[in-house]
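Student: I am new to this structure. Please take me through one part of it slowly, and then show me what lies around that part.

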Amino acid sequence: MKKSEKRSLIFTSLLCFIPLIINICFYNKLPDEVIIHWGINNEPNGYMDKVLYVFLMPMLLLFIHIFVCMLVSKDKEKVANKKMHGLVRLIFPIMSNVLTIVTNVYNVYYELDIRIICMCIVGTLFIVMGNYLPKTKNVKYINLGFSKNLSDKDYKILARISGFVLIIDGILAFISCLFNEWVSFVLVILIILEGIGISIYSLKKVKK
């Protein structure tokens, strides 16, 4: 791992410690059982002990972040996909901070529509990923195929299709916030089906 990558890892890891500070600040106000999951109707359906949530959850997200960064650092062609790798390194720090703030505010004030917040996060992430994906190369840690046997030509076509689909889905995610929760639910199902369809298409290309 180069010095620049080490500095990036240290900086992004420090960002992952911010949720721990936020949790400690909210500690006295949080209930003994913290709500950490909600259903499509915005009703809580998952809980965690306050102590575990405050201290364990940030450490778990930090561990996942470091693991992802270590995988990315092994990519021999990381220079070609520099922007995508930079985005990958920022995903968990940003997500952990946003989700921590949302979770704490909900547990203290109960005035948030989690469905709208989640769809906005998904929409933003999809649009950004969709913009960068067509610019990436067919390498081990950013690969749309089931195997590295996917040709560069097929990867380029697949990356363009996937990028376009992600941008459209991201826009639809924002639009779904204007309607009831079932519109968002249908969109999530559609996104899953799209992922399966792209995977099947990729697999066929690999077999050829």
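Student: How do the axes of helix α1 and helix α2 come together, and at what angle do they cross?

Tutor: A caution first: this is a predicted model. Now the pair itself. Helix α1 covers residues 3-26, and helix α2 covers residues 50-73. Their axes come within 9 Å and cross at roughly 165°. An angle over 145 degrees counts as roughly antiparallel. Therefore α1 and α2 are roughly antiparallel to each other. The crossing of α1 past α2 is right-handed.

Who makes this contact? From α1 come Glu5, Leu9, Thr12, Ser13, Cys16, Phe17, Pro19, Leu20, Asn23 and Ile24. From α2 come Tyr53, Val54, Phe55, Pro58, Met59, Leu62, His65, Ile66, Cys69 and Ser73. Sorted by class, the residues where α1 meets α2 are 14 nonpolar, 5 polar and 1 charged.

Pick one residue from each side. On the α1 side, take asparagine 23, which sits in that helix. Its relative accessibility is 1%, so asparagine 23 counts as buried. Leaving out residues up to four places away in sequence, asparagine 23 touches Leu30, Tyr53, Val54, Pro58, Thr100 and Asn104.

Beyond residues up to four places away in sequence, isoleucine 66 touches Leu9 and Ser13. Isoleucine 66 and threonine 12 are 54 residues apart along the chain, yet their C-alpha atoms are separated by 9.0 Å.

The axes of α2 and α3 come within 9 Å and cross at roughly 170°. That angle makes α2 roughly antiparallel to α3. On this face, α2 supplies Tyr53, Leu61, Ile64, His65, Val68, Cys69 and Val72. In turn, α3 supplies His85, Val88, Arg89, Phe92, Pro93, Ser96, Thr100, Thr103 and Asn104. By class, the contact of α2 with α3 holds 9 nonpolar, 6 polar and 1 charged residues.

The axes of α3 and α4 come within 12 Å and cross at roughly 175°. So α3 is roughly antiparallel to α4. Here Lys83, Met84, Leu87, Ile91, Met95, Val98, Leu99, Val102 and Tyr106 of α3 meet residues of α4. Those α4 partners are Ile114, Ile117, Ile121, Leu125, Val128, Met129 and Tyr132. The contact of α3 with α4 has 15 nonpolar, no polar and 1 charged residues.

With a relative accessible area of 26%, leucine 125 is partly exposed. Leucine 125 and leucine 166 are 41 residues apart in sequence, but 8.9 Å apart in space, C-alpha to C-alpha.

Next, the cores. The largest nonpolar core has 14 residues. Met84, Met119, Leu133 and Leu187 have the most contacts inside this core. The elements giving two or more residues to the core are α3 (82-109), α4 (114-132), α5 (152-176) and α6 (181-207). Of these, α5 gives the most, with 4 residues. Apart from this core lies another, of 7 residues, including Ile22, Phe26, Leu30 and Val34. Back in the largest core, look at methionine 119. Setting aside neighbours within four places in sequence, methionine 119 is in contact with Ala173, Ser176, Cys177, Ser184 and Leu187.

Finally, the whole chain. The chain has 6 helices and 2 strands. From the N terminus on, the order of elements is α-β-β-α-α-α-α-α. Buried residues make up 37% of the 208 residues. Take the contacts between residues at least 6 apart in sequence: 69% of them join residues at least 24 apart.

Definitions and conventions: Residues are numbered from 1 along each chain as its sequence is written. This is a predicted model: local features need pLDDT of at least 70, side-chain atom pairs count only at pLDDT 80 or more; totals for chains, interfaces and linings use all residues. Side-chain values use heavy atoms; hydrogens and water are left out. Axes are lines fitted to C-alpha atoms, for helices over the stretch in contact, and angles run from 0 to 180 degrees between N-to-C directions. Angles under 35 degrees count as roughly parallel, over 145 as roughly antiparallel, 65 to 115 as roughly perpendicular and the rest as oblique. A crossing is left-handed if the near helix is turned anticlockwise from the far one by less than a right angle, and right-handed if clockwise. Contact means heavy atoms within 4.5 Å. Ala, Val, Leu, Ile, Met, Phe, Trp, Tyr, Cys and Pro count as nonpolar, Asp, Glu, Lys and Arg as charged, and the others, Gly among them, as polar. A nonpolar core is a set of buried Ala, Val, Leu, Ile, Met, Phe, Trp, Tyr and Cys residues joined through side-chain atoms within 4.5 Å. Buried means under 20% relative accessible area, exposed over 50%, partly exposed in between (1.4 Å probe, protein chains only).
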